[in-house]
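Have a look at the structure first, then read on.

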Amino acid sequence: QVQLVESGGGLVQVGGSLRLSCAASRFIFSRYVMGWFRQAPGKEREFVASAARRSSGDSTDYTDSVEGRFTISRDNANNRMYLQMNSLKPEDTAVYYCAAGRDNPYSSLSYYRNLVPYDYWGQGTQVTVSS
């Protein structure tokens, strides 16, 4: 059974940093687009960042609100994905989810900003940014 397990969430002050990790197992990691999504109380789940291993190298995509503050990376050798979050703001408070979707190399990575392409989801990790 496919597993995605997030870790690294917690409580941090405004301007602080956190590094989320996602450990993946039981699927061919390199063939999947890996994404981070988040869901705040009373809001819909939203895209944060994604990373794909393409023939030209690793490609990444970010939502505008985290561009320049968050960095997504993947360790294809060890089936892990990371989200380095810097300069955190109260509006970053949410449950963060790791997701995996089968990569279509002919699709723009922007397609993976939607929930639909993702086949597998983790249970989530809470990130709280206090002011």
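Predicted model: local features only at pLDDT ≥ 70, side-chain atom pairs only at ≥ 80, totals over all residues.

## An aromatic cluster

Phe37, Phe47, Tyr111, Tyr112, Tyr118 and Trp121 are tied into a cluster through ring pairs. Searching the whole structure turns up ten aromatic pairs. Take Tyr111 and Tyr112: their ring centres are 5.4 Å apart and the planes meet at 80°, so this pair counts as edge-to-face.

## Arg45 and its rings

Now for a charge that meets the cluster. Arg45 has its charged end over the ring of Trp121, 5.0 Å from the centre, and Trp121 is one of the cluster's members. Arg45 also lies over the face of Tyr97, and here the distance to the ring centre is 3.6 Å.

## The disulfide

How many disulfides does the model have? The count is one, and it joins Cys22 to Cys98 with an S to S distance of 1.9 Å. Cys22 belongs to strand β3 (residues 18-25) and Cys98 to strand β9 (residues 94-102), so the bond ties together parts that lie 76 residues apart in sequence.

Is the link left-handed or right-handed? The angle about the S-S bond is -60°, and the link between Cys22 and Cys98 is left-handed.

Technical notes. Residues numbered from 1 in each chain as written. Heavy atoms only, no water. Phe/Tyr/Trp six-rings, centres within 6.5 Å; stacked < 30°, edge-to-face > 60°. Lys NZ or Arg CZ within 6 Å of the ring centre and 35° of its normal. Disulfide = S-S within 2.5 Å. Helix = DSSP H or I, 4+ residues; strand = E, 2+ residues; numbered from the N terminus.
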